[in-house]
Amino acid sequence: MVGSYFLTTAIDYVNSAPHLGHAYEKVLADFFSRHELSLERDVLFLTGVDEHGQKVQQSAQREGVEPQAFADRMSARFREQHRSLGVASSHFVRTTDDQHKKIVRDWLQKLHDKGEIFFQEHEGYYSVRQEQFVTEKDRVDGQWPEIFGEVIHTREPNYYFRLEPYRQKLLKHLEDHPEWIVPGFRRKELQSALAEPLADLCISRPKSRLAWGIPLPFNEDYVTYVWFDALTNYYSFASIKGQLVWPPDLQIIGKDILIPAHGVYWPIMLFALELELPKHLLVHGWWTNRGAKISKSDAKSLIDPAPYVETYGPDALRYFVLREMVLGQDADFSDERFETRYTGDLGKKLGNLVQRSLSMIGRYRNGVVPNYDGFHLTAADEGLRSDVIVEEYRRAVEQFAPHLALQAVWDLVARANEYVEENAPWKLAKEPEQAKRLDVVLGLLAETVRRLSVLIQAALPFTAEKIRVQLNLSTGPVRLEEALYGNSLHGHTIGKPEVLFPPIEKVDSGSSPAP
RNA sequence: GCCAGGGUAGCUCAGCGGUAGAGCAGGGGACUCAUAAGCCCUUGGUCGGGGGUUCGAUUCCCCCCUCUGGCACCA
């Protein structure tokens with residue numbers, strides 16, 4: 001193994017069902033994870049769910065079940081989404097895991113001992129209906145909005161975590177590590193969020209108000225609230241074969257949780273604990289539904305990827321989200337765009353190339369890849385076997401640009417399809433004196449298909465496997481190095497070609513038109 | 001209000017000082033190995049508006065309009 005690579009995704013809150021946004025983030029992480037595996041790194045890939053908190057407690061109550069039972073059921077749904085998409089994490093994190101609870105309590109105790117956490121009485125307005133404190137800012141025209149119900153003036157002592165002492169250090173870190181936040185423009189947003197002094201962060205709730213949480217080690221009448229419960233997960237399971245791995249190389253989050261959670265609270269928690277900060281925080285954008293915003297509260301705007309996976313297969317969805325979204329920016333999801341990618345890029349370009357190449361080898365050479373060692377190669381031959389594409393692919397991935405990486409791969413697909421036309425093997429096959437030429441053409445095509453199976457494995461793992469089966473090659477993960485041109489297939493007998501992306505009539509749409 | 005990023009072909013976007021590019025969609029063609037696929041050719045834009053710098057601006061500067069984020073403020 002060539003070193004290790006540790007990456008995480010945000011953990012998803014089990015109060016609502018998994019949707020496209022969740023799926024995208026996990027696919028993205030899985031893509032990077034598989035890429036690192038292909039570089040022979042020891043990969044630790046963490047993803048999972050956030051199970052504590054008020055909303056889960058309320059939802060469970062509403063259904064008359066225990067919070068744990070509710071969390072179990074919802075966690076299973078997220079797990080199922082990962083499975084259906086081929087998201088192969090090293091560990092599925094659950095915040096109700098004892099190992100996690102122990103770490104959370106250790107951290108809290110440590111920070112309490114250091115004086116970073118203190119006890120203070122808070123006086124303010126409290127919404128009974130929302131079960132939370134509200135501020136003057138929440139008022140609309142001097143009145144408390146209806147959603148808060150009755151608002152009372154009350155006082156409640158709680159535990160607070162000091163942020164301000166580390167603000168300058170964090171600013172300095174931002175300055176010294178321009179690569180920390182990806183893409184770069186998010187960095188400036190964080191910088192401006194750190195321009196003003198930071199208020200202490202309330203990290204507890206009395207058990208009387210919130211029972212579904214992890215009790216504070218220094219006061220069992222309280223549970224910790226949100227941040228120490230959720231963010232800590234990245235550390236709780238950070239080990240490979242029993243060895244602590246720290247810090248993460250890559251943490252993938254959505255743009256909604258950069259400020260303040262992962263850009264302020266999280267690094268300051270790590271500073272206070274004297275732990276290193278993650279090397280990269282990758283901040284992705286959001287999907288829109290046919291141009292309309294997707295909002296958690298509007299069920300109609302949510303896109304469930306399941307029907308698409310069901311109809312088109314997991315790789316189709318993986319390809320779409322990775323190819324269509326410029327990392328960091330928002331992108332639009334619609335049936336039309338999805339079908340265009342599926343039918344065009346996957347079916348007609350890649351699928352057809354594999355099909356026609358293998359079928360011609362079967363038809364003209366009895367399924368045996370010709371050996372063309374020492375034969376004359378044309379400029380077009382040289383172009384097709386070039387390794388430049390592998391370098392382009394790798395560079396794009398390193399720059400966190402999966403869409404460019406895939407574009408590079410599809411450039412090779414296009415070049416191969418052109419190559420078939422230019423050389424018209426069906427014509428060569430009719431002329432016995434062209435046998436050597438046909439050997440070169442078919443041999444190169446077989447080699448190209450083989451190389452493509454390697455280049456797509458991080459993005460389209462299922463398809464990569466299928467192609468390797470059709471080539472009658474070993475299955476399972478392959479080193480990226482194998483994407484370089486070689487002659488490993490000379491004399492090799494391939495299997496039967498099968499359609500990779502069959503035409504689909506119609507999908508039962510999960511994305512509803514914008515109103 | 002402040003900060004950042006956009007506004008380029010019907011759609012999604014690239015280009016960012018030298019008289020406009022890609023993919024998809026639209027039109028035409030030759031071929032037949034292949035998923036009626038693929039390949040070749042092609043229609044299409046006063047590059048948000050105005051002003052300036054320059055021999056020359058989509059590309060640099062200023063102003064305005066508009067969209068998207070982030071932050072702040074008021075209620």
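In helix 2 (residues 54-63), Val56, Ser59, Ala60 and Glu63 meet Pro67, Phe70 and Arg73 of helix 3 (residues 67-85), where contact means heavy atoms within 4.5 Å. This is a predicted model, in which local features need pLDDT of at least 70 and side-chain atom pairs count only at pLDDT 80 or more, while totals for chains, interfaces and linings use all residues. Side-chain values use heavy atoms, with hydrogens and water left out; residues are numbered from 1 along each chain as its sequence is written, and chains are lettered from A and ligands numbered from 1 in the order in which they are written.

**Helix packing**

- Helix 2 and helix 3 pack at an angle of about 100°, with their axes 8 Å apart (axes are lines fitted to C-alpha atoms, for helices over the stretch in contact, and angles run from 0 to 180 degrees between N-to-C directions).
- That angle makes helix 2 roughly perpendicular to helix 3, on a scale where angles under 35 degrees count as roughly parallel, over 145 as roughly antiparallel, 65 to 115 as roughly perpendicular and the rest as oblique.
- The residues of the contact of helix 2 with helix 3 divide into 4 nonpolar, 1 polar and 2 charged (Ala, Val, Leu, Ile, Met, Phe, Trp, Tyr, Cys and Pro count as nonpolar, Asp, Glu, Lys and Arg as charged, and the others, Gly among them, as polar).
- Helix 5 (residues 167-176) and helix 9 (residues 258-272) pack at about 105°, their axes 10 Å apart, and are therefore roughly perpendicular to each other.
- Lys169, Leu170 and His173 of helix 5 make this contact with Gly263, Val264, Pro267, Ile268 and Phe271 of helix 9, and the residues of the contact divide into 5 nonpolar, 2 polar and 1 charged.

**Aromatic rings and charges**

- The count comes to 28 aromatic pairs, given that rings of Phe, Tyr and Trp (its six-membered ring) pair if their centres lie within 6.5 Å, with planes under 30 degrees apart counted as stacked, over 60 as edge-to-face and the rest as tilted.
- The ring centres of Phe119 and Tyr222 are 6.0 Å apart with the planes at 90°, so the pair is edge-to-face; because Phe119 lies in strand 5 (residues 117-127) and Tyr222 in strand 12 (residues 219-224), the pair ties together parts that are 103 residues apart in sequence.
- Phe119 is partly exposed at 43% relative accessibility, whereas Tyr222 is buried at 7% (buried means under 20% relative accessible area, exposed over 50%, partly exposed in between, with a 1.4 Å probe and protein chains only).
- Tyr222 also forms an edge-to-face pair with Tyr159, at 5.4 Å centre to centre and 90° between the planes, and Tyr159 is buried at 6% relative accessibility.
- Ring pairs link Tyr24, Trp287, Tyr308, Tyr312, Phe320, Phe333, Phe338, Tyr342 and Phe501 into a cluster.
- The charged end of Arg205 sits over the ring of Tyr225, 3.7 Å from its centre, and that of Lys255 sits over the ring of Trp286, 5.2 Å from its centre (NZ of Lys or CZ of Arg must be within 6 Å of the ring centre and within 35 degrees of the ring normal).

**Chain A as a whole**

- The secondary structure of chain A comes to 18 helices and 18 strands, taken as DSSP runs numbered from the N terminus (helices H or I, at least four residues; strands E, at least two).
- The C-alpha trace of chain A spans about 95 × 45 × 40 Å along its principal axes, and buried residues make up 53% of its 515 residues.
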